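Q: Please take a close look at one part of this structure, the strands and the aromatic side chains packed around them. Describe how that part is put together and what lies next to it.

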Amino acid sequence: MNRLDKDTLRQAAQGCWPAILTALGLPAATFTSKRNRPCPCCGGTDRFQWIDKDAGRFVCRALEGQGGDGFALV
Ligand SMILES: [Zn+2]
(Lines give C-alpha, C1' and ligand atoms only; values in the text may rest on other atoms or scores of the structure.)
Protein backbone atom coordinates (compact mmCIF):
# COMPACT_ATOMS: atom_id res chain seq x y z
CA MET A 1 0.00 0.00 0.00
CA ASN A 2 1.41 3.38 -0.98
CA ARG A 3 1.44 6.12 1.62
CA LEU A 4 0.59 9.68 0.67
CA ASP A 5 2.56 12.49 2.17
CA LYS A 6 0.90 15.52 3.71
CA ASP A 7 1.73 17.82 0.80
CA THR A 8 0.12 15.43 -1.69
CA LEU A 9 -3.01 15.20 0.50
CA ARG A 10 -3.13 18.96 0.95
CA GLN A 11 -2.93 19.49 -2.81
CA ALA A 12 -5.63 16.88 -3.50
CA ALA A 13 -7.92 18.42 -0.88
CA GLN A 14 -7.74 21.95 -2.30
CA GLY A 15 -11.25 23.14 -3.01
CA CYS A 16 -12.70 19.91 -1.58
CA TRP A 17 -12.60 20.65 2.14
CA PRO A 18 -16.35 21.31 2.54
CA ALA A 19 -17.16 17.90 0.99
CA ILE A 20 -14.45 16.15 3.02
CA LEU A 21 -15.44 17.77 6.30
CA THR A 22 -19.15 17.21 5.68
CA ALA A 23 -18.41 13.52 5.02
CA LEU A 24 -16.61 13.49 8.38
CA GLY A 25 -19.76 14.71 10.11
CA LEU A 26 -19.70 18.51 10.16
CA PRO A 27 -23.01 20.14 9.21
CA ALA A 28 -23.12 21.33 5.58
CA ALA A 29 -24.31 24.76 6.79
CA THR A 30 -20.88 25.20 8.34
CA PHE A 31 -19.52 25.82 4.85
CA THR A 32 -22.40 27.54 3.09
CA SER A 33 -23.14 30.40 5.44
CA LYS A 34 -21.30 33.69 5.16
CA ARG A 35 -22.27 34.46 8.76
CA ASN A 36 -20.47 33.32 11.87
CA ARG A 37 -21.50 29.85 12.97
CA PRO A 38 -21.08 27.59 15.97
CA CYS A 39 -17.46 26.44 16.09
CA PRO A 40 -16.81 22.71 15.69
CA CYS A 41 -13.40 23.17 17.37
CA CYS A 42 -14.10 25.03 20.58
CA GLY A 43 -17.88 24.87 20.87
CA GLY A 44 -18.35 28.64 20.75
CA THR A 45 -21.73 29.65 19.38
CA ASP A 46 -20.80 32.46 16.99
CA ARG A 47 -17.09 32.62 16.39
CA PHE A 48 -16.48 30.32 13.44
CA GLN A 49 -16.45 31.14 9.74
CA TRP A 50 -15.35 29.10 6.75
CA ILE A 51 -13.51 31.08 4.07
CA ASP A 52 -14.03 29.40 0.73
CA LYS A 53 -11.11 31.07 -0.98
CA ASP A 54 -7.92 29.56 -2.38
CA ALA A 55 -7.53 26.13 -0.69
CA GLY A 56 -10.18 26.96 1.94
CA ARG A 57 -9.61 27.79 5.59
CA PHE A 58 -11.49 28.59 8.76
CA VAL A 59 -11.33 31.35 11.31
CA CYS A 60 -12.27 31.09 14.97
CA ARG A 61 -11.74 34.09 17.20
CA ALA A 62 -11.23 31.87 20.26
CA LEU A 63 -8.37 29.75 18.93
CA GLU A 64 -4.82 30.84 19.58
CA GLY A 65 -3.86 30.64 15.89
CA GLN A 66 -7.23 32.14 14.88
CA GLY A 67 -8.00 29.14 12.65
CA GLY A 68 -6.34 27.16 9.91
CA ASP A 69 -6.90 24.88 6.96
CA GLY A 70 -9.03 21.75 6.67
CA PHE A 71 -6.32 19.65 8.29
CA ALA A 72 -6.38 21.87 11.36
CA LEU A 73 -10.15 21.50 11.54
CA VAL A 74 -9.95 17.70 11.34
ZN1 LIG B 1 -13.67 27.91 17.93
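A: Phe 48 and Phe 58 are both buried, where buried means under 20% relative accessible area, exposed over 50% and partly exposed in between, with a 1.4 Å probe and protein chains only. The model is predicted, so local features need pLDDT of at least 70 and side-chain atom pairs count only at pLDDT 80 or more, while totals for chains, interfaces and linings use all residues. Residues are numbered from 1 along each chain as its sequence is written, and side-chain values use heavy atoms, with hydrogens and water left out.

Phe 48 belongs to strand E1, residues 48–51, where the side chains alternate. Strands (E, at least two residues) and helices (H or I, at least four) are DSSP runs, numbered from the N terminus.

E1 runs antiparallel to strand E2, residues 57–60, and four bridges join them. Two strands pair if DSSP finds at least two bridges between them. Across this pairing, Gln 49 stands opposite Val 59 of E2. The two strands form a hairpin with five residues between them, and Asp 54 in the turn has a positive phi of about 55°.

On its other pairing, E2 is joined to E3 by two bridges, again antiparallel. Here Phe 58 stands opposite Gly 68 in E3. Strands of a sheet pair through backbone hydrogen bonds, either parallel or antiparallel.

Now the rings. The structure holds three aromatic pairs; rings of Phe, Tyr and Trp (its six-membered ring) pair if their centres lie within 6.5 Å, and planes under 30 degrees apart count as stacked, over 60 as edge-to-face and the rest as tilted. One of the pairs is Phe 31 with Trp 50, edge-to-face at 5.2 Å centre to centre with 85° between the planes. This pair links distant parts of the chain, since Phe 31 is in helix H3 (residues 29–32) and Trp 50 in strand E1, 19 residues apart. Phe 31 and Trp 50 are both buried. Another pair is Phe 48 with Phe 58, which is stacked at 5.6 Å centre to centre with 20° between the planes. Phe 48 in E1 and Phe 58 in E2 are ten residues apart, and this pair too links distant parts of the chain.

Helix H3 also holds Thr 30. Thr 30 is buried, with a relative accessible area of 4%. Leaving aside neighbours within four places in sequence, Thr 30 is in contact (heavy atoms within 4.5 Å) with Arg 37, Phe 48 and Trp 50. A polar atom of the Thr 30 side chain lies 2.9 Å from the backbone oxygen of Pro 27.

The zinc ion is coordinated by the SG atoms of Cys 39, Cys 42 and Cys 60 at 2.1 to 2.3 Å. Donors are N, O and S atoms within 2.8 Å of the metal (3.2 Å for Na, K and Ca), and water is not among the atoms, so sites may look incomplete. Cys 39 is buried at 5% relative accessible area, whereas Cys 42 is partly exposed at 35%.

Note on methods. A polar contact is a pair of N or O atoms within 3.5 Å; within protein, one must be able to donate a hydrogen and the other to accept it, and residues adjacent in sequence count only if both atoms are side-chain atoms.
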